[in-house]
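Here is a colleague's note to read alongside the model. Please keep the structure open beside you and find each residue as it is named.

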Amino acid sequence: MIAVGNWSLIFESSLGFDFVEAQSTKVGFANFPARLLNCRTSPSKNLVPIKAKEASRMSSLKSDIEVGSNEHERGIINNSDDSNGSIRHEITTKGRRSTNIVWHKCSVEKIDRQELLQQKGCVIWITGLSGSGKSTLACALTRALHSRGKLTYVLDGDNVRHGLNRDLTFKAEDRAENIRRIGEVAKLFADAGIICIASVISPYRKDRDACRSLLPDGDFIEVFLDMPLRVCEARDPKGLYKLARAGKIKGFTGIDDPYEPPLDSEIVLEEEGDVCPPPEVMADKVISYLEGKGYLQA
C-alpha cells in the first residue's frame with residue numbers, strides 16, 4: 001500500500017488496484033464519506049504481448065546507449081535522406097544519443113531576416129587572456145553598432161556561466177563544452193540575422209575552430225585581443241591572477257593552463273608601442289572590417 005496525499009493506493013498482483021479515500025482533516029479540504037473504489041484492469045494474461053514488446057524495446061534502447069557511450073566524446077552526426085527530401089539526423093554527444101530527428105525547414109529564412117534588419121548575421125568571436133579587455137571591447141562594439149541602427153547581442157563568457165552553462169566547471173572537458181554551447185547559441189543568433197559578439201577566453205584552438213566550422217565561410221570573424229600576460233596580470237580586474245599565483249585557483253589560463261593563440265585571425269588587436277588603444281578605437285577597427293565585408297547592409 002502506498003499513501004499519496006489523502007489517498008491510499010493498494011496494488012495487487014493482477015495489476016488491479018483499489019482506491020480508499022480517507023477522511024481529510026486539513027483546513028480548506030472538503031470531507032467526503034469514505035468509500036471503496038475498485039478498479040480492475042484486464043486479466044494479467046492479456047498483458048503478456050505488451051510486456052514482451054516492452055522488453056524488446058528496452059533491450060534495443062540499452063544497445064543504443066552502449067553503442068553511444070563508445071562513440072567519440074566530441075559528438076557524431078550521421079545524416080540520411082528522408083523520403084520527403086529532408087535530412088534525418090542521428091546525433092551523439094558524450095554518449096547521449098538523439099535519433100529520428102528531422103530538420104524542419106521554414107519558409108522564412110536567414111536572407112529574409114537579414115533583409116528585414118538591413119544587415120548580415122555573423123559571429124564576432126573575441127578571444128584573449130583574462131584581463132585583455134574582451135568584455136570592454138564587446139560593449140564598446142555593440143554600443144557603436146547600436147548607434148548605427150544595427151541589431152547586436154553580446155554573449156559574455158562570465159554571463160553565460162550564470163545561466164546556460166552554470167553546470168560546467170573549469171576542467172578541460174567542461175571548458176570545451178562551454179565553448180561548444182556558446183558556439184551553437186552564437187550560430188542561432190547569426191541565423192536570425194543578428195550580429196552576435198562572443199567575448200570568451202576560449203583558450204583552446206580546436207574549440208574555436210569547431211565553432212568556426214558551424215557557420216558558413218566568412219560568417220565567423222575571429223578577433224584576437226593580443227595583450228601580453230604582463231599587461232593582463234597588472235590589470236587583474238577580478239583579482240584572479242593574484243589568486244592563481246597564490247595557488248588558490250588551479251588551471252588558470254596563462255598561469256598553469258595554456259592559452260593557444262590564434263594562427264590566422266581575421267582581426268588582431270594589440271598594443272601600439274606600450275600603449276593599449278582605447279576600446280572605442282579598437283571597436284572602430286572591427287566596424288571597418290564589417291563594412292568592408294558588407295555585413296552592415298543586407
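**Notes on the predicted model**

1. Lysine 285 and glutamate 272 meet through their side chains in a salt bridge, at 3.4 Å from N to O, where a salt bridge is a side-chain nitrogen of Lys or Arg within 4 Å of a carboxyl oxygen of Asp or Glu. The pair links distant parts of the chain, 13 residues apart, with lysine 285 in helix 9 and glutamate 272 in the loop between strand 12 and helix 9. Helices (H or I, at least four residues) and strands (E, at least two) are DSSP runs, numbered from the N terminus. Lysine 285 is partly exposed at a relative accessible area of 40%, and glutamate 272 is partly exposed as well, at 48%; here buried means under 20% relative accessible area, exposed over 50%, and partly exposed in between (1.4 Å probe, protein chains only).

2. Before going further, please note that this is a predicted model, in which local features need pLDDT of at least 70 and side-chain atom pairs count only at pLDDT 80 or more, while totals for chains, interfaces and linings use all residues. Residues are numbered from 1 along each chain as its sequence is written, and side-chain values use heavy atoms, with hydrogens and water left out.

3. As for the overall picture, the protein has 9 helices and 12 strands, and 34% of its 298 residues count as buried. Among the contacts (heavy atoms within 4.5 Å) with a separation of 6 or more, 61% are between residues 24 or more positions apart. The protein exposes about 18300 Å², of which carbon and sulfur atoms supply 56%; accessible areas come from the Shrake-Rupley method with a 1.4 Å probe, and for residues only the protein chains shown count as cover.

4. How many salt bridges does the rule give? The count comes to 15 salt bridges. Side chains of opposite charge can pair when their charged atoms come close. Glutamate 291 counts as partly exposed at 41% relative accessibility, and arginine 148 counts as partly exposed at 44%.

5. Another salt bridge joins the side chains of arginine 212 and glutamate 266, at 2.8 Å from N to O. Arginine 212 is in helix 6 (residues 205-212) and glutamate 266 is in the loop between helix 8 (240-245) and strand 12 (267-270), so that the pair links distant parts of the chain, 54 residues apart. Arginine 212 is partly exposed, at 26% relative accessibility, and glutamate 266 is partly exposed, at 29%. Elsewhere, Asp167, Glu177, Arg180 and Arg181 are linked in a network of salt bridges.

6. Is serine 265 buried or exposed? Serine 265 is buried, with a relative accessible area of 14%, and lies in the loop between helix 8 and strand 12. Its side chain makes a polar contact with the side chain of glutamate 222, at 2.9 Å. A polar contact is a pair of N or O atoms within 3.5 Å; within protein, one must be able to donate a hydrogen and the other to accept it, and residues adjacent in sequence count only if both atoms are side-chain atoms. Leaving aside neighbours within four places in sequence, serine 265 is in contact with Glu222 and Phe224.

7. The structure holds 0 disulfides, a disulfide being a pair of cysteine sulfur atoms within 2.5 Å. The sulfur of cysteine 232 is too far for a bond, because the closest cysteine sulfur, in cysteine 276, is 8.9 Å away. Cysteine 232 counts as buried at 0% relative accessibility, and cysteine 211 is buried at 3%.

8. Strand 10 (residues 195-199) is largely enclosed by the rest of the structure, because 5 of its 5 residues are buried. In a regular strand the side chains alternate between the two faces of the sheet. From strand 10, Ile195, Ile197 and Ser199 point one way and Cys196 and Ala198 the other way, and all are buried.

9. Strand 8 (residues 122-127) and strand 10 run parallel and are joined by 5 bridges, and two strands pair if DSSP finds at least two bridges between them. Tryptophan 125 stands opposite alanine 198 in strand 10. Strand 9 also pairs with strand 10 in the parallel sense, over 5 bridges, and tyrosine 153 stands opposite cysteine 196 in strand 10.
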